[in-house]
Amino acid sequence: MGKKIWLSFPVQLLLLNFKKNQVIILLWILLFGFLLLDWGKLFGIPYLFLDPEYQGKVNGRSLFILGLGFGIFNASFQITCYILDSERFRFLIGVKNAIFRYIINNSLLPILFIFVFCRCFWKFQVERGLEEPFDAFLESMAFVGGFLWVQFFAFFYFKIIQSTKLLMFSKNIDQRLRNLSLYRLSIWKRMRIQRGSGQKVGHFLSSDFSIESTVARPQIHPVKFQSGTGIFSSNHLSAVVLELITIFLLLLLGFFSEAAIFQIPAGASIFLFFGFILMIIGAISFWLRGWSMTIFLGITILINILFSLGILNRTYQAFGLDYSKQVSYNNEKVKNEASDALFSADSLQTISILEKWKAKSQKSKPKMLFICTSGGGIRSATWTMRTLQYVDSVLKSQLLNRTALITGASGGLLGAAYYRELYLQNRVSKNVDYFERKYIDNISKDILNPVVFSLITNDIVVRLKKFHDGKYEYNSDRGLVFEQTLNKNLNFALQKNLYHYKNPEREAIIPMMIIAPVIVNDGRKLYISPQPISYMTWDKSNRNSTPEFKLMKGIELSRFFDSCDAMRLNFCSALRMNATFPYITPNVTLPTKPSIEVMDGGLSDNFGVSDALNFIHTFQKWIEQETSGAVLVCIRDTPKERPFKKRNNDSWFSRLANPVGSVYANWARNQDQNNDMQEQYLTGSLSVPLEVVTFQYLSQTDLLANPEEGKNEERASLSWHLTTFEKKSIESSILNKENQIALKRIKQLVESDTLK
């Protein structure tokens, strides 16, 4: 019995895949790892499958679309395996509808994955309290339905293609293709494999799922064997045609990636991406066979050379800037942008803003508040919005009124920008209640689905679409999709240019906001503000900085790119530059010669504290004379104090990874230490108090003395997508004891100031 199972066609195909098709198996391992081992949990990858959202909802429709994506991946898997391995099984030559039987017998992995997915999905939805058990079961069946629909279409295609007329047409094409040397070489190698001993198979599943024996089948006559080779070639050609049609349709969908109906769940896009890889493998292997890996590596090297030479240039632009003009970027140019005269003029301009800010408080010496918010995708944006609403309501709408400057990185600054805009709209029209719950719902909406879909269908292969903003033309890419989705989620509240905030900030109607992404090429910061702020780019009082040798910390976008229409920069593009996320939101290339790229400000300071301290240092004398002290309101989506993780019996692999992994794991901790050191030095030099009030997103796990004990609440993932459970976790965190203590402290500071 054991030998019969071992020699069965399904088992032999599974073993052959592990033996010959490691790249294909790697994709399956990744998919199983996402579900069973929580791979990529930090970035929320498992939740893209376990809580797939489509048009803002997780329901049968979203699961059906996810099933369609998996069905396309499975069809690609089956076709590619058939192209690669079918000739190894000689008995298939005498089997009617051989490709059907091959797919049925090669379905152990797909069936196992469907079972694992349905179980994991049902368990996730029920245990998190998101759905009733029966509803979760029905939705898992919708996933199965989407999968079966694609399989039905594939079977229908091969049924039609194997009709007499179409089969003859396919054979004619096959005969014509034999004039090509590469195709003849592929045919010769397939024939050599068929004439060999082949894989030993005892039994296989028929199309009606009955068990048939290969031993009982008649011996294949040499003439029939030769004709069987042609049948194999025709079947392979039909399979490749289906793959090419699918690839074409996926690329065609890229033209409609901005339409809401095509913004499918990100999990489905991952299935499509994996399927796309398999289709390419199948198509290349059909033509090149044994040369496929060599040719593939050669193409990869060629593409790399073309990128290096600038022939292929995959740049991503900031919308609003004029890219027809280029600015020279070098150390001399950067130093020439700073001067004592500009430093003094800009400082006086900012002091006039601070004077107006002070006049609003109607106090002789008010407390000056600074809001510093951390990066962290939608998690941080939602947490920042929730914190600002809650704190401002307790302070009776005095939070932004007392705030002079907002700094931060990534999603946190995005949330702060949204709240500031709502505050501005209320000041102008008096009919916006920025405490409404709907604004938290808006900021927490999904951005990942359309971005990932655009990445797969548009950005990876070719970008043909253009985008015109009314003055300049740009390439349409996933950066544009990110901004369009964000604007739609926020009801277009931030669809403004940089210059729109110049007067509101100058009149101190709203706090100043400095956006500071990092220039990848040299590590300097790109300071984006509608106000002139050259004082942020270098420290005039530093004794090591001289007129001959200025210590430049960054450049101003408004001055450095003045000839490129800098003040017309889309505000969402500025926020996107400060919120780049690896492989999802790409680095932006600026119009310079040589070209420079900018990425997330979190690379330098993920908490925005250093820029706030730099501002306080610059205006130290004014703050000491005109205020009763400065208060840093730090809104962070990670705990300030992290639990110590005990390491026991590390594996050999973990020991190899620890030198690099420990640096990455402690990146935020090192930034905290640097910021704490700057706070300490500045506190010692200020004659007025410098207070720090910290609001932290803390899950129930973070509040435990020993997080490794018991079943604990998981933290929201670092992503541009949040599940319903994660949103609830973020919103409830403001009620934690630590945050309530911080709330009392800031209330005391503001009220004590009010009493003066």
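Predicted model: local features only at pLDDT ≥ 70, side-chain atom pairs only at ≥ 80, totals over all residues.
Just after helix α3, Asp38 takes a positive phi of about 60°.

**Helix α3**

Helix α3 covers residues 22-36, which makes 15 residues. From its first C-alpha to its last, α3 reaches 20 Å. That is close to the 21 Å expected at 1.5 Å a residue. Which residues of α3 are buried? They are Ile24, Ile25, Leu27, Trp28, Leu31, Phe32, Gly33, Phe34 and Leu35.

**Ser529 in its loop**

Ser529 sits in the loop between strands β10 (525-527) and β11 (554-556). Is Ser529 buried or exposed? Its relative accessibility is 3%, so Ser529 counts as buried, the cut-off being under 20%. A polar atom of the Ser529 side chain lies 3.1 Å from the backbone nitrogen of Gln531. Beyond its neighbours within four places in sequence, Ser529 is in contact with Leu498, Glu505, Met513 and Ser558.

**Charged pairs**

Side chains of opposite charge can pair when their charged atoms come close. How many salt bridges does the model hold? The count comes to 20.

| Pair | N to O distance |
|---|---|
| Lys333 and Glu337 | 3.5 Å |
| Arg559 and Asp346 | 2.7 Å |
| Glu731 and Arg437 | 3.0 Å |

Take Lys333 and Glu337. Lys333 is partly exposed, at 28% relative accessibility. Glu337 is partly exposed too, with a relative accessible area of 22%.

Next come Arg559 and Asp346, whose side chains meet in a salt bridge. Arg559 lies in helix α23 (residues 557-560), while Asp346 lies in helix α15 (residues 340-361). The pair therefore ties together parts that are 213 residues apart in sequence. Arg559 is partly exposed, at 26% relative accessibility. Asp346, at 2%, counts as buried.

Then there is the salt bridge between Glu731 and Arg437. Where do these two partners lie? Glu731 is in helix α31 (residues 724-732), and Arg437 is in the loop between α18 (410-429) and α19 (438-443). Their pairing ties together parts that are 294 residues apart in sequence. Glu731 has 14% relative accessibility and counts as buried. Arg437 is partly exposed, at 45%.

Salt bridges can also share partners. Bridges of this kind join Arg636, Lys640, Asp672 and Asp676 into one network.

Methods: Residues numbered from 1 in each chain as written. Heavy atoms only, no water. Helix = DSSP H or I, 4+ residues; strand = E, 2+ residues; numbered from the N terminus. Buried < 20%, exposed > 50% of the residue type's maximum accessible area, 1.4 Å probe, protein only. Polar contact = N/O pair within 3.5 Å; in protein donor to acceptor, adjacent residues only side chain to side chain. Contact = heavy atoms within 4.5 Å. Expected span 1.5 Å × (residues − 1). Salt bridge = Lys/Arg side-chain N within 4 Å of Asp/Glu carboxyl O.
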